[in-house]
Amino acid sequence: FKGDQIVSVKGTASVLNPRTNEPATPRFLGGETPQITGDRDELQALADWLARSPMFARMQVNRVWFHLMGRGLVDPVDDFRASNPPSHPELLDALARDFSDNGYDLRRLIRTIMQSRVYQLSSEPDGTNAADETNHARGIIRRLGAEQLVDSINKTLGAVLDIEDYATVSRLSQVPEGRKHYHPIKTDIDRFQLVFGKPPRLIASECERTDEPTVGQAFQLISGPVIQDLLTQSSNRLNAWIGSGKTDAEIADEMFWTALSRPPTDAERAGSAKHLESATNKRAAAEDLMWALVNSKEFLFRR
């Protein structure tokens, strides 16, 4: 199947010991032999063993911290080794202990981090932390990931995202990893993801992903087919706003609230309303205005 690998779990499968030609006995690192029953197969035993490892909790906590903060306590996020210690070892240990003590509850972990003062710090630097990205003295500004960006634009416009082979999927982040390993640029969506740093996932490592800015990203946002398709779909919410009977200023308010989660300033409202009012084709003018909003730094970056 063009490089795809299908793995099936069979209850009758076994691995033969090449020396004795007898079924091999599974054993974990350290010599422990798992208890295998009809209700608890080898994969479940392996999952239980991995979850008991102290490193599992530490790595999970570090990964969640990385996604919320933009930088892991251990950085790069997949590089756990003695010569790459965490920036805040006591914090990592405390979060890992709380995570394991509470049944590996990811919702609780995310809530704990997001309720902390460090998560709520402003990204605006002061005279002491402008160059500091290690100690979490301020929020780290970072661009939305490839999937986040497409899904955010799609959600803002209320459009339909067309993903090949996944007709029932409404968000790019719902697509399983590893799709079309050897054809990463077969579709416009694949090309967009590749340009914005999403790896083909030939290996399971978060470090493959990159958020470095490129000229190709600018071209995709300015005139790329993915953005153009979402903007021009007749079924997106632009027609509903135009035909709602609202004033041009009220339509501008709707756009700003939907795209940026805030009202426009007086100058932004006046300029947007003037642009809509003076246009001979109001639909095209609305597309222009929404294009400007989704291309703004306020939309593209997390602060």
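My entries below go from confidence to helix packing, then to a salt bridge, the surface and the backbone.

**Confidence.** I began with the scores, since this is a predicted model. The protein chain has an average pLDDT of 86, and 91% of the residues reach at least 70. Where in the protein chain is confidence lowest, and where highest? I found the lowest in α1, with a mean of 82, and the highest in helix α4 (residues 106-114), at 96. I also flagged residues 180-184, where pLDDT stays under 50. The model has 15 contacts beyond four places in sequence for that stretch.

**Helix packing.** Next I looked up helix α5 (residues 146-157) and helix α6 (residues 188-195). Their axes come within 8 Å and cross at roughly 125 degrees. That angle is why I noted α5 as oblique to α6. Which residues make the contact? From α5 I listed A146, E147, L149 and V150, and from α6 I listed I189, F192 and Q193.

**Salt bridges.** I counted 13 salt bridges in the structure. One I looked up is K282 with D248, whose closest N and O atoms are 2.8 Å apart.

**Surface.** I then searched for nonpolar patches and noted one on the surface, formed by L43, L46 and L50. Together they have about 250 Å² of accessible area. L43 sits in helix α1 (residues 42-52), the helix with the lowest mean confidence in the protein chain.

**Backbone.** Most residues other than glycine have a negative phi, and most peptide bonds are trans. I wrote down two exceptions. N21 is not a glycine, yet has a positive phi of about 60 degrees; N21 lies in the segment before α1. D75 and P76 are joined by a cis peptide bond, with omega at about 0 degrees. I placed P76 in the loop between α2 (54-69) and α3 (89-101).

Note on methods. Residues numbered from 1 in each chain as written. Predicted model: local features only at pLDDT ≥ 70, side-chain atom pairs only at ≥ 80, totals over all residues. Heavy atoms only, no water. Patch = residues over 30% accessible without salt bridge, like charges linked within 9 Å, V, L, I, M, F, W, Y side chains within 5 Å. Areas by Shrake-Rupley, 256 points an atom, 1.4 Å probe, with all protein chains shown as cover. Salt bridge = Lys/Arg side-chain N within 4 Å of Asp/Glu carboxyl O. Helix = DSSP H or I, 4+ residues; strand = E, 2+ residues; numbered from the N terminus. pLDDT = per-residue confidence, 0-100. Contact = heavy atoms within 4.5 Å. Axes fitted to C-alpha atoms, helices over the stretch in contact; angles between N-to-C directions. Parallel < 35°, antiparallel > 145°, perpendicular 65-115°, else oblique.
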